[in-house]
Amino acid sequence: MRLYSKYLAITLKAHLQYPGSFFLLTISQTLFPLSMLVGVHGLFLRFGRLGDWTFPEVALCFGVIHLVFGLSECFSRGFDSFSLLVRNGEFDRLLVRPQSTVVQVLGSRFEFNRIGRLLQGLLVLGWALLNADVAWSVAKGVTVALMIISGYCLFTGFFILQATMSFWTIQGLEVGNILVDGGRELAQYPLSIYKDWVVRFFTWIIPLGSINYLPLLFLLDRSEGVALGHMLSPLVGVLFLIPCLLVWQLGVKHYQSTGS
Amino acid sequence: MIIVEDVSKTYRIAHRPSGWRAALTSLIHRSYAHIQALDHVSFSVNRGEILGYVGPNGAGKSTTIKIMTGILVPDGGCCRVMGYIPWKHRVDYVQHIGVVFGQRSQLWWDVPVIDSYELLSDIYRMSSTASRRTLEQLTQMLDLSSLLHIPVRQLSLGQRMRCELAASLLHNPSVLFLDEPTIGLDAVSKLRVRQFIKTINEETGVTVILTTHDMNDIEALAHRIMLLGRGQLLYDGSIADLKRSYKTIQTITVQFENGPASFETIPHTTIAQSSSGRAQLSVDTTRISVSDVINQLSGSLKLTDVYVESPSIESIMVQLYEEHDI
C-alpha cells in the first residue's frame, strides 16, 4: 500500500509536467458524462418519471456508476491499459522486480484526468442523496459506502479480466470493452427499466446490479424479501475480485511459459 | 553461482498467412509453427566472472537471459542461480539480480532520474541509509551528479545508459544481466560504459552476464565467451583460447620494389591478393613459421614493407558463424 502510494506520487509528478493537457483532459472528462445527465433531465421534464423512478433516484444510480468508474479508471488504469505493457515488453521488466505483479501493474499507470468524471459522479451522487426520498439510518449510510467500495472493486475486476485476456490474444480485447463500457452505460439507470433477462444477467452473471440497483432498493425501502440481502449485496463486487485475481495468476503463468 | 542444465525452449508461433480469406480461416483454425529457441543448453558461471554471450540475432540469447531472470519458464531442463529456481522463487530471487535491457528503459520517463531511484529503492525494500550510500558511490563512479535532477526524456542515450546501469545496481545485486548495454552508443560513451562495468566487477565482485553484438565489448570485458547458434552452444571458453586456435592462419602483407614476382615456391602459403608491388599471403603457422616465409620472400624480392596480422576477434566470429552455418 505504501509502495502503491509511491507509484501514485511519481505518476502525479509526471502528469504535472504537462499541466495544459492535464487540465483540458480533465475538463472534457467532466463535461462528457454531465452532458448526458442534462439530456436525461430534459426527458424527465417532458415525461415526469421513468417507470417507477423519479429523477433524483435515477441520478443516484447514474452518480454511483460514474463515481466508481472514475475511481477505477483513475486508480486501476494499469490493468485497463495492460495490453500495451505486454506489447512493448514492459511486463518483462515488472517480472524482474521483487514485488507482486498486481501492485506493479496497478502502479504502472494512473489516469488523473479521470478525476473529472470522479468529481462529477460525486456531485451528482451527493445531490441525488439529498433529494431522493430516503429515510436515512446508519445502515443506509454504510450501504452507500459499500456501494462505492464494491463498485470500484467490480470495475477493477473487469479491468483485470480484460488485462488477463491480453496474455492470450490482442484482438479479443473488444469483448472486454463491450462488458465494461456496455455494462456501464446500461447500469446508469435502474435495471428494472430493462427486460427481465437483462436484470438477471447483470445480477447473477455480471454483478453490476449489485452495486447500485439492488442497494438502491434498500435505500428507498422498496426491497422485496430479505432487506439485509439488499443492503449487503454490494459485497458481491468485492468478492468478484477473488476469481479475477486467480485468473490473473493463471495468465501470468501462461505468459511465462509461452514468452509471448 | 549459475547452473544451467539441459535447458530447452520451444516457441509456438501462430502462422498467419496473408490475404483476407486466409485471415478469416485463421479465426477458426490456426496453424502453428514451432521454433526451437534453445536446444539442450548447459553451462555454468562462477562468482565474479564476466561472461560474454554472443551469437547472431535469433540464436536464443534473449531467451536464455529471460529464463535465467525468471521471466520465462523453460520447457525442459533446470536452471539454478544462487540456489534459486528463477521462475519458481521469482520475488525472492530477483532481489539479488540487476537487469539492463539496452533497448528498453527502466526509468520513469517524465520525472528526474533521482525520483526513479527513490521509487526503485522502495521496490527493492531498501532502508533509506543503505540506498543513499549506494547511490552516492554509484553517482561518483558513473559521474551522475549533474544528471540526477534532469527528467529522463531529456537525457542523451549515453547519459541514460549510465543512469540505467546505476538503477540496476542500486540494490547491490550479486548477478548483473546486461542485454546489449552499448547498443547505439557513441565511441566515448561505449568506452565509459565498458570501463564502468569492469570497475564494478572488480570492486564488488558482481557476476556479469553480457550479451552484445559489439566484439570490442567482449574483448575489453569478458573473461570467457559463449557462442550460441540456432539454440545450441557452439563454443564455450576463453577469448585467448579462441584466438590461439584461430591464430594458426596469419596474414602477411608485403610491399616490394622489383616487378611481378611469383610466390608459388613458398610451401603452406596461399596468395590472398597480389598486384604489382604488393601481395597478401595467408600462412598456415602450424606448418611454417612467419619468419621463414619472410626470409624466403626477402631472398627473391626487395621488400619495402612487411605487415603481419592475426585475425581480429570480429573476423574469428565471422569464421565461426560460417563454420557452423548460422
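Mentor: Welcome! Buried area is the accessible area (1.4 Å probe) that two parts lose on being put together, summed over both. This is a predicted model, where local features need pLDDT of at least 70, side-chain atom pairs count only at pLDDT 80 or more, and totals for chains, interfaces and linings use all residues. Residues are numbered from 1 along each chain as its sequence is written, chains are lettered from A in the order in which they are written, and side-chain values use heavy atoms, leaving out hydrogens and water.

Trainee: What is the area buried between chain A and chain B?

Mentor: Contact means heavy atoms within 4.5 Å. By that rule, 28 residues of chain A are in contact with 33 residues of chain B. Carbon and sulfur atoms give 51% of the buried area, which is about 2,800 Å².

Trainee: Which residue of chain A meets Asp122(B) in a salt bridge?

Mentor: A salt bridge needs a side-chain nitrogen of Lys or Arg within 4 Å of a carboxyl oxygen of Asp or Glu. Between chain A and chain B the count is 4. In one of them, at 2.8 Å from N to O, the partner of Asp122(B) is Lys6(A).
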